[in-house]
Amino acid sequence: MTKQIEPVWTSADLLASLEQREKFFVLDVRNREEFERFQLEGREPLPALNIPYFEMLEMGGQDEMVDSVVACVEQHLDGQIPRDILVLSVCAKGDTSEYVRQALERLDYTTAHLKGGMKAWGEHYSTGVVVETPELAIYQVWRPARGCLSYVVASEGKALVIDPLRHLHPYLDLAQKKGFRIEAVMDTHGHADHISGGTALAAESGAPYHLHPYDAIHPMDVLPATIPYNAIRDGQIFNVGQVQLEALHIPGHTLGLVALRIDDRYLFTGDSICIGSIARPDLGGKAETWAPLHYRSLRKLAALPGKMTVLPGHFSSLKEQNDAGLFAATLDELKRSNPGLQRLAQESEQGFVRYLMDNLPPFLAEYVDIKRVNAGLLAPSEDKASELELGKNVCGLAASGNCKGESQ
Amino acid sequence: MSQAFDRLLDARGMNCPMPLVNARKEAGKMEPGQVLKVLATDRGSVADFQGWAKIAKNVELLGQEEESVDGANVYVHYVKRIA
């Protein structure tokens, strides 16, 4: 083996390894409920073994952690952990996994542990460049573990941030590094699956925050949002330096969902159209009423020029990443490959609504509270916020293959 | 819950897995029937003590509490040695 084995993997190392499809084995020592809810995923399923560390302690029967793991592996896990590929030891916060790594090292396994554990991985961000010219730059800022995508559109030193995620440092760091000022922040819709960084980033940057007014009402509570926002209108133009973005109201996933287009080049679709899926219409609890709206909105988007590059709000698998490391494809490409758009082309409104209703994934209880947080109706502690966001989003339709990571 | 106990383990400030590793060592020194009270600040210890008590043959989890001490959350676990 020419490559030197680093005993500690950061979340960035892990992402690089997943993107490069390196082969490794995951030994996850969190408790079983945590493992079932949220685990590492690659383009293909990763070989993995989940044994809670306290079970290793009991099975090994020694006083000290490392000794117990050594005894446990020797006596009980013979043959279950491969010797021909690296074993990545993973826990919740990255402390216990280091003891496990030491034990595996003592047993001559090729091994590393994940620094900061699944918590750090869940909060890891990466940034891809969609385009970077003096006239227009677009950056895709994403959270690999959650499948959430957000965007920074910059021109002439000014920037608009679309769907910023909960942690602000990726946007503030990017602004500083590239030398632009964040002059506007917006959410394409009131998110159900993750906590928006929108109002916080707007306050931090001294920029206005924009949201469609229909999404400033919690759909279940039917209570108005308490957050400060500027109401987005259908057809409204947002100027960023030389660039104009036009808002298109496309209700369905939420009542106030908007897409944004930059002439015939780029289309920010929110969650409506993703690479491998289309949005589910039921996260407001009104699936029957919202599904026909969703159909009409998708029709409107599908009629736009096919060469436009779709920049979605979510991805469901690293498989959707293109060769440039981006989650992006032209509308024409998606009409060929996206199961939801294929159905859209074949079905009447009635048939398409039935298709939507027949493929609703399970509804996660957390989503009601997350919408409350995003409307300013609930203010969770950092721990609670982190817990609400655990695991991967399920904003897409089941039949569209977006739901591998659902509640599990 | 005002649970009587025989030993006290202060694992506040310790990260996973040490609260549980140390509690297990303490329990190993106790007589069957005795109770260990564990103080921890690691939030993950709540689920982990439950999982551990389920599979360990010689201990039982009598109860768990959450207290706030000087603004910090303290998780209290009562572990009884049963065999």
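Student: Which residues does V153(A) touch, leaving aside residues up to four places away in sequence?

Tutor: Two residues are in contact if their C-beta atoms, placed from the backbone, lie within 7 Å. In this predicted model, V153(A) touches I138(A), A159(A), L160(A), I162(A), V240(A), V243(A) and L245(A), not counting residues up to four places away in sequence. Residues are numbered from 1 along each chain as its sequence is written, and chains are lettered from A in the order in which they are written. Local features here need pLDDT of at least 70, side-chain atom pairs count only at pLDDT 80 or more, and totals for chains, interfaces and linings use all residues.

Student: What is the bridge partner of I138(A) in β8(A)?

Tutor: Strands are DSSP runs of E with at least two residues, numbered from the N terminus, and two strands pair if DSSP finds at least two bridges between them. Here the partner of I138(A) is V153(A). Strands β7 (residues 137–143) and β8 (residues 148–155) of chain A run antiparallel, joined by seven bridges.

Student: Where does E156(A) lie, and is E156(A) exposed or partly exposed?

Tutor: A residue is buried if 20 or more other C-beta atoms lie within 10 Å of its own, exposed if 12 or fewer, and partly exposed in between, with C-beta atoms placed from the backbone. E156(A) lies in the loop between β8 and β9 (158–162) of chain A. E156(A) counts as partly exposed because it has 13 C-beta neighbours inside 10 Å. Its phi is positive, about 50°, although E156(A) is not a glycine.

Key
Helix = DSSP H or I, 4+ residues; strand = E, 2+ residues; numbered from the N terminus.
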